[in-house]
Amino acid sequence: MEKIDRKKTVAEQIDDEANQYVTFLISGESYGVEVLCVKEILGMTDVTPVPNTLSFMKGVINLRGEVVPVVDMRIKFGMSEKEYDAFTVIIIVEVKRRLIGMIVDAVSDVADIPIDSIQNTPHFTTRIETDFIKGIGQLAEQLIIILDVDKILTSDEFQKIDQEDVSE
Amino acid sequence: MSDQAILEVFHNEAREIIENIETELVSLEESYDSEKVNTLFRYFHTLKGSSGIAGLMEVSEFTHEIESLLDRVRSEEIQVTPSLIDTVLASVDLVKVMIFDEDQADGLSSQKEKILTFIGKNSNEVTDSSRPLPQKRKLNYFRVKINFKDNVFEYGIDPLMIIEDLVTVGTVIEEKIYRSRVPALDEINPEKCYLSWMYIIGTKHAKKKIDEIFLFVFDDNDIEITDITEDYREDITSDVNEEKKIGNILVQKGLITEDELLFALSNMKKEEKVGKALVRLKLVTEKDIEKALGVQVEVRKKIESTTIRVERAKLDGIMNLLGEIVIGQSSIVRFADELDEDKAYALKNSLYGLNRSTRQFQEQIMAMRMIPVGPTFSQFKRFVRDTSRQIGKEIRLEIMGKETELDKTVIEEITDPLKHMIRNSIDHGIESTEERIKLGKDPTGIITLNAYHQEGCIFIEISDDGKGLDAEELRSIAVSKGIIAKDKELTEDESYALIFKPGFSTANAVGDLSGRGVGMDVVKSNIDSLRGSVQIITEKNRGTTFRIKLPLTLAIIDGMLIKVGKSVYIVPLLSILESIRPRKEDVKTIKGQGEVVMVRNEYISLIRLYKYFDQVPAFENPWEALVVIVESNGEKLALMIDDLIGQQQIVIKSLDNTVTKDRSISGAAILGDGNVSLIIDIHGLLSEISSLRG
C-alpha cells in the first residue's frame, strides 16, 4: 500500500483556488483575512480585562461557553484607540486550533480577490510591521491589506510571553 | 474513513497494546504463568492484524514472527528465559519505531536481523543455556463433602477439629453448611451431630494431604473428596467471549463434577431445565442455582458492555454545552424571581427538578473522564526494570491501588513527574546491592506506587525502602550550593523540602539518569500547577515516601465569588480561611513593606486587589470594605475586596498562555450572567507580589 498523504492544511487548499476574504475597516483602511479562518463575527460585547498583559490584549469574552481572548487591532497596529460604537465588531478567527477575537472598527464584505491581483508586501517605510501582512490585494480600485492571521498571533510579542512563561 | 484517520485509530490502539505487552512481559519475567504467555500472544496477534489493516505490512510481517515465537512458547516447545524476554522487549522497541517513527525504521535493519536470527535459532533448538524462569505453582482445587454419622460424638471425634485441620491446608473458596437434618428444637439431642458440610478448597498440596485429615473418619462416615482442579475457574467472569451454560458454571465453581452434570443431563425430564434437574437429583441446592444464575447474568453483561472509544474533545464539547444549559437555566431562574410569587411557584419547582438532572448529568460526564491509574502505573514497570539494570541495582516496582480512578487530564499531567520521582528513587533512594547486603536488607530494593482516595482528593505515594533522607546532609549541600544562607535554621521538614529547590542535586556525579535539565524542582512546579502538594516522609535506612495530594479533577472547583470594582473574581474556596471587616486601628502601614492587618495578634500583609487589577473600588478604606484572609503553603495574605457575592461550583476554563503571563490568574470561568470571571490563584498571587517587591 502506498504511503498515506498528510492532509493538506487549510491554507494550502485556499492557495489552490480563487480566494475569498472577509474585509473589514480599521481607521478607514480596508483589511482582509481568508474566509476559512473566520469562525464568526460578533457585535462588541463585555470584555473581561486580564491583568499584566500586552497592551493590545483587551481581555477575554464568553463565546458560547468558551473563553476566547480578544485583541484590539488598533492598538496592535500602533494606531490611536477609539471608543467602541455600534459598528465595532469582534471577528473570531481560528489560529493553530485556538480561537482568538480581533476587535475592528467595522466589517465590510466578503470579497473574491483573484490570486494574480495580490502583490507581495512592499517595503513600507512606516512603523507598520510587515511580517503579518501577506500582501496587498486590489479590488475595484480599492486596496485591501491582506493579513496573515497565523503571524498576527505568533508574532514576537506573543513569543516573548511564551518564553517568559517557560523561563520562570 | 480516510487513510489518515485509519492510521490515527491504529496509532492509538497500538500505543495501548504496546504498553500492555511491556507490562505483561515484565510480569512474565517475575513469574512464569501460561496465561500470561497466552495474553501476550493475543496482543501480538491483534497488533499484527491491525497493522495489516493500517497498511504497515512490514510491522505486520515482523509481529507475525514474534507471534509464532510466542506460539512455540505457548505450546511449551521452548522455555521462557531472560534472554527470550529481552529479545521480545527489544522487538517491541523496534515495532514502536516502525509504527511511530517510520523514517527512522530503515536504520534499524541490523537490529531486526538480530531478533529474527534469535527467533530462527530458537525454532530449532529447544534448549537454551540460560536458566529457565521459576514456574508459578498452580493450586489444586478439591471439593470436600463431609457428612458425619449422627452418633459421631460417641466415637470421641470432634467434627470441628477436623474442619479446622482442613481449612489450614489451603484457602477456603466456598463453605456450605447443610442444616436439613436438624430437627425441631424440642427434638434436638445435644449429643448428636445433625450438620453436614461442603468445602471447596484451593491448596498447593496433593489430594493425599486431604485424605490424611480424614484418615480416621473415612470408613465410618460419608466423606467425599473430589479433585476439581481441571474444571475449576477462579474468576468465571474473566476472559469470556461466549455465554456460559448454567451447568458449566456450576462445574467451574466446583459445586458439581462433570460426571454429575452429565448424569443430570441424561436424567432430565421433558421441558425441564438443567438447574431444576440438578436440584431434583439433590446434587445442588436452589441457592446454588440462584448464585450460578447471577454469574450467568454477570457474564452476559460483560459480553454486552463493550466499551467505545470517544475522543476527549467530544466529551469536552458535551461538558461545554452543559455549561451553557446551566447558564441558560440560571437566567430563567432570575426571570422567575421577578414574577409574582404564585405564578413563579410552579415554574421554580420544575426548574429545581431540571437543576437536579443537570447536576447529575454533569457528574456522569465527569465520571466518564475518570480512568483507573492502573495502566499508567504498570507502564513504569518496564522503566524500573530497564533503568535499575542500567545502573546495576536490583529494584522491583510494586503497585497498589490500581483501580483508583482519576481524571484523565490529571493522569496525563502526572505521568512525567511520577516518572521523574521514580527515577529519583532508583538513583538516590535505593542503595547499591552491596550496601544493602551490608545493612542486612533484602538485596532487591522495592519501590512502591500506591494510589487512594481520601478527603475528596487523590493521594499518590512513591515509596522506596532505601536509605532515607538525611536532613543535615541536605542542609549542608544547600548551603554549599548557595541555595540557603549558612546560618539559616531549618526544621527537618524544611530541610527535606530543599530537594525541590532549583539547582539542588544530591548526586555527586551527574549520572545518566539525572542531570537532564529536569530536576525535582520541575516535578514540584508540575504538581503545583495541578493544584496539588507533596509531602515527604522519611526514616533513616527505612526509606522515603513522597505523598502527592491532587484534586480529583481539574475541571471543577468550589469557588467564592468576590467583587472588586465592577468585576467579579473567583477565589478557590480551599484557599480561604475567613473574611473579616477590620477595625481602623488594626490596619497599619509598615514602611517599605506596605500595609498589614492585625488579625488576632497576627500581622498579615494586606493587598488592595483593586490596585492590583486596576479597578475603581467602591471603598477606599479597608475598614469599610471587606478583607478575605487566604492561605497558600502556610503563607497568609489579606485581600481587600468590595463584597462577597457567594459560593459556587465553577467549571474551570484554562486560559491560553498568550492571554496573560500573570501567575495570579489560574484560569477563567463563565458566570450565570454569561460574563467571564477570572480565577485568582493565591500561590501565584503571592509569587507575583513578592516579585513586584523585588
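1. Chain A's secondary structure comes to four helices and eleven strands; helices (H or I, at least four residues) and strands (E, at least two) are DSSP runs, numbered from the N terminus. This is a predicted model, in which local features need pLDDT of at least 70 and side-chain atom pairs count only at pLDDT 80 or more, while totals for chains, interfaces and linings use all residues. Residues are numbered from 1 along each chain as its sequence is written, and chains are lettered from A and ligands numbered from 1 in the order in which they are written.

2. Of the 168 residues in chain A, 29% are buried. Here a residue is buried if 20 or more other C-beta atoms lie within 10 Å of its own, exposed if 12 or fewer, and partly exposed in between, with C-beta atoms placed from the backbone. Among contacts in chain A with a separation of 6 or more, 53% come from residues 24 or more positions apart; two residues are in contact if their C-beta atoms, placed from the backbone, lie within 7 Å.

3. Do have a look at the open sheet of five strands in chain A, which runs in the order E3-E6-E7-E5-E4 with mixed pairing. Two strands pair if DSSP finds at least two bridges between them. Strand E3 (38-43) and strand E4 (57-63) of chain A are at the edges with a single partner strand each, so one side of each has no neighbour in the sheet. From one strand to the next the twist averages 30°; axes are lines fitted to C-alpha atoms, for helices over the stretch in contact, and angles run from 0 to 180 degrees between N-to-C directions. Inside this sheet, strand E5 (residues 66-72) and strand E7 (residues 98-104) of chain A run parallel and are joined by three bridges, with Met102(A) in E7(A) as the bridge partner of Val71(A).

4. The loop between E3 and E4 of chain A holds Asn52(A). Its phi is near 55°, a positive value in a residue other than glycine. Most residues other than glycine have a negative phi. Asn52(A) is partly exposed, with 16 other C-beta atoms within 10 Å.

5. Strand E11 (residues 142-147) of chain A has pairings to follow with two strands. With strand E2 (residues 29-34) of chain A, E11(A) pairs in the parallel sense over three bridges, and Ile146(A) is the bridge partner of Gly32(A). With strand E10 (residues 133-139) of chain A, E11(A) pairs in the antiparallel sense over six bridges, and Gly137(A) stands opposite Ile144(A). The hairpin of E10(A) and E11(A) has two residues between the strands, and in it Ala140(A) takes a positive phi near 45°.

6. Which residues have the most contacts inside the largest nonpolar core? They are Ile91(A) and Leu639(B), in a core of 72 residues. A nonpolar core is a set of buried Ala, Val, Leu, Ile, Met, Phe, Trp, Tyr and Cys residues joined through C-beta atoms within 7 Å. Not counting residues up to four places away in sequence, Ile91(A) touches several residues, including Val22(A), Phe24(A), Met102(A) and Val107(A). Another core, apart from that one, has 34 residues, among them Leu397(B) and Ile458(B).

7. For the contact between the chains, chain B gives 28 residues and chain A gives 24 residues. On the chain B side, helix H1 (3-30), helix H12 (312-338), strand E21 (665-670) and strand E22 (676-680) each supply at least two residues. The residues of that side divide into ten nonpolar, eleven polar and seven charged; Ala, Val, Leu, Ile, Met, Phe, Trp, Tyr, Cys and Pro count as nonpolar, Asp, Glu, Lys and Arg as charged, and the others, Gly among them, as polar.

8. In chain B, helix H19 (residues 520-529) has Met520(B), Val523(B) and Ile527(B) as its buried residues. Seen down the axis of H19(B), these fall within an arc of 50°, so they line one face of the helix; the arc is that of the directions from the helix axis to the C-beta atoms. They pack against helix H15 (408-429), strand E10 (533-539) and strand E11 (543-551) of chain B.

9. Chain B also has an open sheet of six strands, in the order E14-E18-E19-E17-E16-E15, with mixed pairing. Its edge strands are strand E14 (576-580) and strand E15 (587-590) of chain B.
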